Amino acid sequence: MIETLATVESNRELAPGYRLLTLDLKEDVKVSPGQFAMLKAHASIEPLLRRALAVYRVHGPRRLSFLYQVLGRGTEALSQVEEEGAVEALLPLGNSWPIEGSAGQRAIVVAGGIGSASVLMLCEELSASHVDVQLFFGAASEHAAACCRLEDFRTLGLPLALTTDDGSLGERGFVTAPLERHLRDGGGEGAAIYACGPWAMMRAVAEIAAQFEVRCLVSLEAPMGCGFGVCVGCVVAVKTGGPLGYDSYKRVCTDGSIFPAEKIRWEVNAMTQ
Ligand SMILES: Cc1cc2nc3c(=O)[nH]c(=O)nc-3n(C[C@H](O)[C@H](O)[C@H](O)COP(=O)(O)OP(=O)(O)OC[C@H]3O[C@@H](n4cnc5c(N)ncnc54)[C@H](O)[C@@H]3O)c2cc1C
Ligand code: FES
């Protein structure tokens with residue numbers, strides 16, 4: 001893990017509210033698919049804390065890009081950083097999507113909205129490892145799908161099931177509908193599901209995976225304070241196998257952000273997400 005003052009190579013607006021940030025880190029890092037960074041616009045005092053963003057692409061040992069949605073003060077401040085500006089970066093953080101040993105197997109990747117940022121490199125690596133990948137991509141609208149870089153996923157040439165909430169592109173409805181059909185048709189046999197997206201989507205994916213007895217991994221997007229295990233601000237309740245009603249907690253930043261879906265106490269965490 002390094003803490004560095006990175007230089008902004010570009011911070012391109014893809015559409016209002018969505019940006020692609022490319023950083024020159026000045027130090028080498030080795031990033032695996034699914035890992036994230038804590039970033040903060042150096043020039044802005046507020047907010048004090050860095051924000052978590054998944055590493056979208058690795059262009060070289062010092063050159064990474066991040067796909068982000070401008071939601072609140074942290075990402076707003078980031079969106080204001082111009083070329084040659086400075087970004088405080090702590091990375092790489094968290095665990096990564098487990099890929100080893102999956103050669104010749106099947107993978108089902110589910111990307112919901114800006115959750116796509118966590119799974120592009122996963123898709124690339126699975127394909128390179130000769131895994132048979134089926135991609136499910138869901139977004140609110142055609143516009144949102146474009147902002148979440150559907151084109152980058154299309155370039156991979158993977159079988160793709162596409163849904164939008166408003167039906168402006170692909171099938172109308174949630175991405176869980178074609179996923180469920182796929183599993184019902186036997187598509188889950190020998191497969192692992194990798195999912196990243198809104199909490200409700202991941203919970204639904206976890207339930208469907210359990211129903212069809214398919215291994216499922218989810219990358220959780222808990223609000224984070226430090227990003228490296230100290231503040232305990234990112235905990236989620238997990239199953240322990242202990243007495244009913246007793247929960248254990250895991251830190252999303254250091255124990256995750258990727259967890260086996262069946263370990264998460266979805267109903268408990270739903271109250272805090
Ligand atoms: C491991 C990890 C990886 C992430 N990767 C990405 C990424 O690649 N791209 C990206 O755009 N975001 C990503 N996020 C989410 C991002 O860190 C949060 O959205 C962050 O809180 C934004 O900071 P902010 O200061 O702009 O907004 P905040 O001030 O924190 O929040 C602004 C508003 O957005 C809402 N909000 C906060 N977090 C979320 C969320 N996760 N989903 C929906 N609404 C939310 C809040 O309730 C509030 O209304 C990731 C989060 C984690 C934990
Ligand atoms: S964000 Fe501080 S412990 Fe996880």
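Start by selecting ligand 1: domain 1 (2-93) and domain 2 (106-272) both give residues to the shell around it, so ligand 1 lies between the two domains. The domain bounds come from an automatic or database domain assignment. This is a predicted model, in which local features need pLDDT of at least 70 and side-chain atom pairs count only at pLDDT 80 or more, while totals for chains, interfaces and linings use all residues. Residues are numbered from 1 along each chain as its sequence is written, chains are lettered from A and ligands numbered from 1 in the order in which they are written, and side-chain values use heavy atoms, with hydrogens and water left out.

Next, show the residues around ligand 1. There are 20, of which Arg51, Ala52, Gln69, Gly74 and Thr75 come nearest (near means a heavy atom within 4 Å). By class, 12 are nonpolar, five polar and three charged (nonpolar covers Ala, Val, Leu, Ile, Met, Phe, Trp, Tyr, Cys and Pro; charged covers Asp, Glu, Lys and Arg; the others, Gly among them, are polar).

Colour strand S4 (51-54), strand S6 (63-69) and helix H1 (73-79), each of which supplies at least two shell residues. S4 gives the largest share, four residues. Helices (H or I, at least four residues) and strands (E, at least two) are DSSP runs, numbered from the N terminus.

Now look at the polar contacts (pairs of N or O atoms within 3.5 Å). A backbone N or O atom of Ala52 is 2.6 Å from an oxygen atom of ligand 1, and one of Gly72 is 2.8 Å from an oxygen atom of the ligand. At Glu221, a polar side-chain atom lies 3.2 Å from a nitrogen atom of ligand 1. Taken alone, ligand 1 exposes 900 Å², and the protein buries 68% of that (Shrake-Rupley method, 1.4 Å probe).

Move on to the backbone. Most residues other than glycine have a negative phi, and most peptide bonds are trans. Select Pro47, in the loop between strand S3 (36-41) and S4: the peptide bond from Glu46 to Pro47 is cis, with omega near -10°. Then go to Ser257, between strand S15 (248-251) and strand S16 (258-260); Gly256 and Ser257 are joined by a cis peptide bond with omega about 15°.

Finish at Glu84, in the loop between H1 and strand S7 (86-93). Glu84 is not a glycine, yet has a positive phi of about 75°.

Note on methods: Polar contact = N/O pair within 3.5 Å; in protein donor to acceptor, adjacent residues only side chain to side chain.
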